[in-house]
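Biologist: I would like to go through this model feature by feature. Please give the general idea each time, and then the case at hand.

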Amino acid sequence: MFSAVADSWSVRLRAEFAQRLMKARKGLAAFAIMAGALGLGMGLAWNTGLFGGGSAAAAAQTAQIREEAARRAEHLAFTEAYLDHETREMRVASGETLAGLLVRAGASRDETNAALASLNGVYDPRRLRPGQSVSLFFSDARLTGVAFRSEPGASVTANRTTAGFAAREVLMPLTFENARIAAQVETSLYATALSLGATDREIAALADAFSYDVDFQRDVRPGDDFELVFERYYDDEGNTVRTGDLLFVALETRRGQRNFYSFLAPGDARPDWYDAEGKSARRFLMRTPINGARLSSGFGMRRHPILGYSRMHRGTDFAAPIGTPILAAGEGTVVRAGPFSSYGNYVRIRHANGYETAYAHMSRFARGIRAGSRVRQGQIIGYVGNTGRSTGPHLHYEVMRRGQQINPINLQVANGRNLTGRALELFNIERQRIDTLRQVRASETTEAALHGAAAVATP
Ligand SMILES: [Zn+2]
């Protein structure tokens, strides 16, 4: 299950990612033509299969990246020979055909006809849209080449050969690697990981893996260490074009070091995260059933802000703006949803093994949340409010064991998913493979650093 925690996290991450991509694209306008790139063998790794699957957002992101790569492909398509040719950047005018554009740019009728004829079977020029840019190359007033983007990630080129014009579709060559990023958090984990070649996918997956143990707002600080191992496809300039599976995540904060390995257990529909012993990263109950909140009062004795005397606080308070989603800490059945004296709008959920969780002071309940509803872990059950006896918008969260409130910080109940038998054997094989990859990549990075190489294995 890709929890709602990670989902809402990735929404914010995606916004940051989009901004960064915009900046990167502006920078591209000034890039230099790389000579001899044709020798790389166009289309080696780039095929549509690489871009299959994923969410709509991921697809949109992939489309943007492909478009960016296509711009480069367009220029790479011309070899060194074209560097001294005159370039004319044209835009298709409204109602204009490609033939009309070529003539307008100064190509002769014969050249235009020859260039268009070469496109037969490669590209239908009627697919060109007004405003689309077309690069034309001239040498001694003769048309020598035509290049334009046929679709994101691909360009069409027609260039003069000894036997007239030859056209083809050009695809970007991509290289595969198992990338390893090991670094200290600078301003934010997200920014640091991104600058090292990860994408928002890996960071959202890391957030998912640690969502039971780590509150990213509170626990992750500059100077903390993290590590990611993931499959990556990159272009000739080292830009990550697409990432595959995330294999390993590690995070070391002041609360300790945790490592998780991705593993698809026999019979499971999707991989999950396990520690080195094969214990699932998932917890029976989340300690922090809210995102982006500040712990404002822990479990234990405290001076009550309204009643004015010290008494036991049998829950955990998280300060957060009104409307912040509150998540079900675990799978279970809603046993109460409604106003409940000083608790204000209140939800209580019954889980397995005699556990219950309660959520108070909500502004409102999520749709469909009423006594008897079944909830999944991470499902939104309501929204932060200030109802009941409350001095400001916050979530009051309680964990109960056989009717007694307990401190969720001490919650030791794992979900019971410990790999055993054949599954554990398979897991150990995969863990060793991943650890070997980590060691190899770590030594390569050290090598590169020792030799003062500008480009390390994982840029
Ligand atoms: Zn409270």
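Biologist: Is A141 buried or exposed?

Modeller: Bear in mind that this is a predicted model. A residue is called exposed when its relative accessible area is over 50%. A141 has a relative accessible area of 63%, so A141 is exposed.

Biologist: Where does A141 lie, and what is its phi?

Modeller: Most residues other than glycine have a negative phi. A141 has a positive phi, near 65 degrees. A141 sits in the loop that links β2 (133-139) to β3 (142-151).

Biologist: Which strand holds H361, and is H361 buried or exposed?

Modeller: H361 belongs to strand β18 (residues 355-362). H361 is not a glycine, yet its phi is positive, about 70 degrees. Buried means a relative accessible area under 20%. The value for H361 is 4%, so H361 counts as buried.

Biologist: How do I read a helix with a buried face? Which residues of α3 are buried?

Modeller: Look down the helix axis and note the directions in which the buried residues point. In α3 (residues 98-105), the buried residues are L98, A99, L101, L102 and A105. They fall within an arc of 160 degrees when seen down the axis of α3, so they line one face of the helix. Just after α3 comes G106, with a positive phi of about 115 degrees.

Biologist: Which residues of α4 are buried, and which exposed residues are on the face turned away from them?

Modeller: Helix α4 covers residues 109-118, and E111, T112, A115 and S118 are buried there. Their arc, seen down the axis of α4, is 135 degrees, so these buried residues line one face of the helix. The face turned away from that buried side carries R109 and D110, which are exposed.

Biologist: What does D219 touch beyond its neighbours in sequence?

Modeller: Leaving aside residues up to four places away in sequence, D219 touches D213, V214, D224, T253, R254 and R255. D219 is part of helix α7 (residues 216-219). Its relative accessible area is 5%, so D219 is buried. D219 and T253 are 34 residues apart in sequence, but their C-alpha atoms are 6.8 Å apart in space.

Biologist: And the chain as a whole: how many helices and strands does it have?

Modeller: The chain has eight helices and 23 strands. Of its 459 residues, 48% count as buried. Among contacts between residues at least 6 apart in sequence, 65% join residues at least 24 apart. The chain exposes about 21900 Å², of which carbon and sulfur atoms supply 51%.

How values were computed
Residues numbered from 1 in each chain as written. Predicted model: local features only at pLDDT ≥ 70, side-chain atom pairs only at ≥ 80, totals over all residues. Heavy atoms only, no water. Helix = DSSP H or I, 4+ residues; strand = E, 2+ residues; numbered from the N terminus. Buried < 20%, exposed > 50% of the residue type's maximum accessible area, 1.4 Å probe, protein only. Contact = heavy atoms within 4.5 Å. Arc of directions from axis to C-beta. Areas by Shrake-Rupley, 256 points an atom, 1.4 Å probe, with all protein chains shown as cover.
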